[in-house]
Amino acid sequence: MATDISKITEKSPWQELTEGNKVYGGATSVHFHTGEWRTNTPVFDADKCTQCLLCAPVCPDSSIPVENGERGDFDLDHCKGCGICAKVCPFDAITMKEGK
Amino acid sequence: MAIRERLSGNEAVSYAIKQINPDVMPAFPITPSTEIPQYVSTYIANGECDTEFIPVESEHSSMSATIGASAAGARALTATSSCGMALMWEELYVAASNRLPIVLALVNRALSGPININCDHSDSMGARDSGWIQIYAENNQEAYDNFVQAYRIAEHKDVHLPVMICQDGFITSHAVENIELLEDDVVKNFVGEYEPENYLLNEKETMAVGPYAVSNYYMESRKAQSAAMDNAKQVILDIGKEYGELSGRTYGFFEEYKLDDADYAIVIIGSAAGTTKDAVDKMRAEGKKVGLLKIRVFRPFPEKEIAEALKNVKGVAILDRTDSLNSHGGPLGSEVTAALFNAKCTMEVRNYIYGLGGRDFRVEDAENVFTEMEQLVTEGKEVEQYKYIGLRG
Amino acid sequence: MKDTVEIRWHGRGGQGAKTAALLLADVAFNTGKYVQGFPEYGPERMGAPITAYNRISANKIRVHSNIYDPDYVVVVDETLLDSVDVTKGLNPDGAIVVNTAKKPEDIMPHLKGYEGKVYTIDAHRISVATLGKYFPNSPMLAAIVAISGVVDRATFLKEMENSYKHKFAKKPEVIEGNMNALKMVLQEL
């Protein structure tokens, strides 16, 4: 059976890597918290939001969850704070604040 | 009972493919390997095998599609030559690092330029560091036998590496010669069904193939590939022995021909080995103690075994069918010389370049090399460390 | 007969010299011999001079070089005589056969003093008479078998009939013509 890659770290010896670095188990990027890289943070103002959903598809990190046709608050575990969503929002419902 | 036939090298490999009946074959035509996908397509059209043939738009795509099929869980292969292989260069490394048991039928042809369609080993020798196992054939029989063994080696759990089955363009690929084939069911039983443990189309297990490896992982990954190549040695010997029990033709890393008591040896790869055997017999009849070491497996490189086989020889001539253009010789020359050095052998060693771009290699050429090596050892004749055979000027 | 008989074919791209060499290998193979049949390859160009080779032996053949000192030479196209040195290296104890309507003595001046046997066969006349069209292959194949004796004549005819029956399974009407072409050549040589 394939090795669980969650057990592989940057300290693993070569014998313990998976063969060909194959990654077993799907959607493992969820476990990688890129939100730690963030220096600016988007702030969501639900009152101003019209649910036009222009923001969700432009997010490079899929950090704007959409459920039943409505977006929710940011997934800050993965948002890198790029600010694209704030740029595209026509209603000023997203603002960028400095820091986490 | 073996089937007595006469086939060209391309026909022989195609016949082996038909008997193995792999799952997927993406391919793009290039001389002199074109006939292989052509014959396999005909077998498929006639209902003699049910391999999925994918006509692609280039060799970059043929190797990419082969990689995709193999990662998906299929037994996959392709065929190519020369510039076709050059165009799949990037993917060769990907196939090996992804540890995919792909087989490539390579029909050796010179790389451009000048543009040339005839045989030399510049294509496969250029890919010698791509992480592929490389097995070479002297004739159509060996091309067939090597192909039948290829998947057993590639798919072995200690190996999981792609295998290149090489034969000399035109010289064996287009020459009709006698051959002994195995029956379909014998090949089928020997090769067996492919049952990968992990594969992309397995709905019970999700996986990803070919991830980015940062510096913290890359070296460990390469070491793992190197270890697999090391493991391949025993597997190649085991499979070669098992094949011998089946066919009467046992295979190892190389063939020693009248080398036991030889004072002078030629080390060579491919069809020219047969020509050299005739030279050896001719000179033995004249009382000359000459012999041949024909390399079958170049990757993994059987360093210690080669040195052991050559240790009592007084003069070794290593013949390369490609020039590394590094001002000191060809790849076989470099590696065999290094093997001898590491084994603390101190005989005279020379590296000859022959047969580039289809230049014929004759019995007389091999005789001249032996004679020159003898003169070097017994009379102190000066012989360049690295020289061309049959060169004008 | 010596251990290995070596034959060199001269033709032009598209005339079937390579196919004829492979057919000869087939016939010899079917009589239990070890064979090689191979072309000297270059880019494929219709009409360009081409060379093909056969080795036929009672023993396993290992050599993989071209043939420089053939025992027999077959010239499928007589227009090659002036541009190609067809008798180069040809064994004086062997023979050459040329596809031409001319007599051997008329061909001799083109053969650079070759001292062995010279045969001619008019493959054009024979082919048109038996097949209604010009296919030099079958007549030239019969010619080399006749002059070299690498296969005995009766065996050759039997093997070729089997081969044609297989090859022309869907065109049985051409089998007789091809067989007649072979027989005519064997009678003339």
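This is a predicted model: local features need pLDDT of at least 70, side-chain atom pairs count only at pLDDT 80 or more; totals for chains, interfaces and linings use all residues.
Visitor: Now the neighbours. How many residues of chain B are in contact with chain C?

Guide: To read an interface, look at both sides, then at the elements behind them. Here 20 residues of chain B touch 18 residues of chain C. On the chain B side, strand 8 (176-181) and helix 10 (272-285) each supply at least two residues. Helix 10 of chain B has the largest share, five residues. By kind, that side of chain B splits into eight nonpolar, six polar and six charged residues.

Visitor: In what sense do strand 8 of chain B and strand 2 of chain C pair?

Guide: For strand pairs, check the direction and the bridges. Strand 8 of chain B runs antiparallel to strand 2 (residues 34-40) of chain C, over two bridges. To find the spot, look for B:V176, which stands opposite C:G37.

Visitor: What about the contact of chain B with chain A: how many residues does each chain give?

Guide: Read it in the way we just did. Chain B gives 18 residues and chain A gives 12. Helix 9 (215-247) and strand 9 (207-208) of chain B each bring at least two residues to the chain B side, and helix 9 of chain B gives the most, with six. There's a strand pair here too: strand 1 (residues 23-24) of chain A and strand 9 of chain B are antiparallel, with two bridges.

Visitor: Last one: at what angle do helix 1 and helix 5 of chain C cross?

Guide: With two helices, follow their axes. Those of helix 1 (residues 17-30) and helix 5 (residues 153-167) of chain C come within 10 Å and cross at roughly 115°. The helices are therefore roughly perpendicular to each other, and their crossing is right-handed. C:D26, C:V27 and C:N30 of helix 1 meet C:F156, C:E159, C:M160 and C:S163 of helix 5. Those contact residues divide into three nonpolar, two polar and two charged.

How values were computed
Residues are numbered from 1 along each chain as its sequence is written. Chains are lettered from A and ligands numbered from 1 in the order in which they are written. Two residues are in contact if their C-beta atoms, placed from the backbone, lie within 7 Å. Helices (H or I, at least four residues) and strands (E, at least two) are DSSP runs, numbered from the N terminus. Ala, Val, Leu, Ile, Met, Phe, Trp, Tyr, Cys and Pro count as nonpolar, Asp, Glu, Lys and Arg as charged, and the others, Gly among them, as polar. Two strands pair if DSSP finds at least two bridges between them. Axes are lines fitted to C-alpha atoms, for helices over the stretch in contact, and angles run from 0 to 180 degrees between N-to-C directions. Angles under 35 degrees count as roughly parallel, over 145 as roughly antiparallel, 65 to 115 as roughly perpendicular and the rest as oblique. A crossing is left-handed if the near helix is turned anticlockwise from the far one by less than a right angle, and right-handed if clockwise.
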